[in-house]
Amino acid sequence: MKNAPSDQTKTILDSKDTSADTQRLQISSHIRRRPLNTLELRKLGHMAPVPRIKELRDKGFIIVTSFESVTDELGKLHRRVARYTLVYEPTANDINSELAA
């Protein structure tokens with residue numbers, strides 16, 4: 001299956017660790033498979049995904065933000081909910097080149 005997570009990814013996604021490093025790994029893994037909005041990321045355990053998205057961008061990830069209206073499980077309409085789409089993910093070579101510069 002094309003988008004099936006590897007065993008290593010499953011371990012990261014199942015981790016109970018809430019450190020920023022782990023959350024960045026988890027969020028990047030999630031949005032690598034499909035775009036997600038803030039409410040969807042919260043359901044996955046990321047109560048404040050915005051700082052992690054910013055940190056990923058600072059590390060060279062290109063993540064496009066679009067806005068949508070979403071009705072939550074209680075029937076409340078939320079306007080301008082961010083949806084995050086991963087466009088580019090830096091490779092290890094990109095990161096090493098940046099460190100060497």
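Student: Which residue of β3 stands opposite L36?

Tutor: Strands are DSSP runs of E with at least two residues, and helices are runs of H or I with at least four, both numbered from the N terminus. In this predicted model, L36 stands opposite Y84 in β3. The two strands, β1 and β3 (residues 77-88), pair in the antiparallel sense over 2 bridges; pairing requires that DSSP finds at least two bridges between strands.

Student: In what order do the 3 strands of the open sheet come?

Tutor: The order is β1-β3-β2, with antiparallel pairing. At the edges are β1 (36-37) and β2 (62-71), each pairing on one side only.

Student: Which strands does helix α2 lie across?

Tutor: Angles run from 0 to 180 degrees between N-to-C directions, using axes fitted to C-alpha atoms, for helices over the stretch in contact. Helix α2 (residues 20-33) lies across β1, β2 and β3, at about 85° to β3. Helix α4 (residues 49-58) also packs on the sheet, touching β2 and β3, and its direction makes about 160° with that of β2.

Student: Is I63 buried or exposed?

Tutor: Buried means under 20% relative accessible area, exposed over 50%, and partly exposed in between (1.4 Å probe, protein chains only). I63, in strand β2, counts as buried because its relative accessibility is 7%.

Student: What does I63 touch?

Tutor: Contact means heavy atoms within 4.5 Å. Not counting residues up to four places away in sequence, I63 touches I31, I53, L56, R57, Y84, T85 and L86. I63 and T85 are 22 residues apart in sequence, yet 5.4 Å apart in space, C-alpha to C-alpha.

Student: What should I keep in mind when reading the values?

Tutor: Residues are numbered from 1 along each chain as its sequence is written, and side-chain values use heavy atoms, leaving out hydrogens and water. As this is a predicted model, local features need pLDDT of at least 70 and side-chain atom pairs count only at pLDDT 80 or more, while totals for chains, interfaces and linings use all residues.
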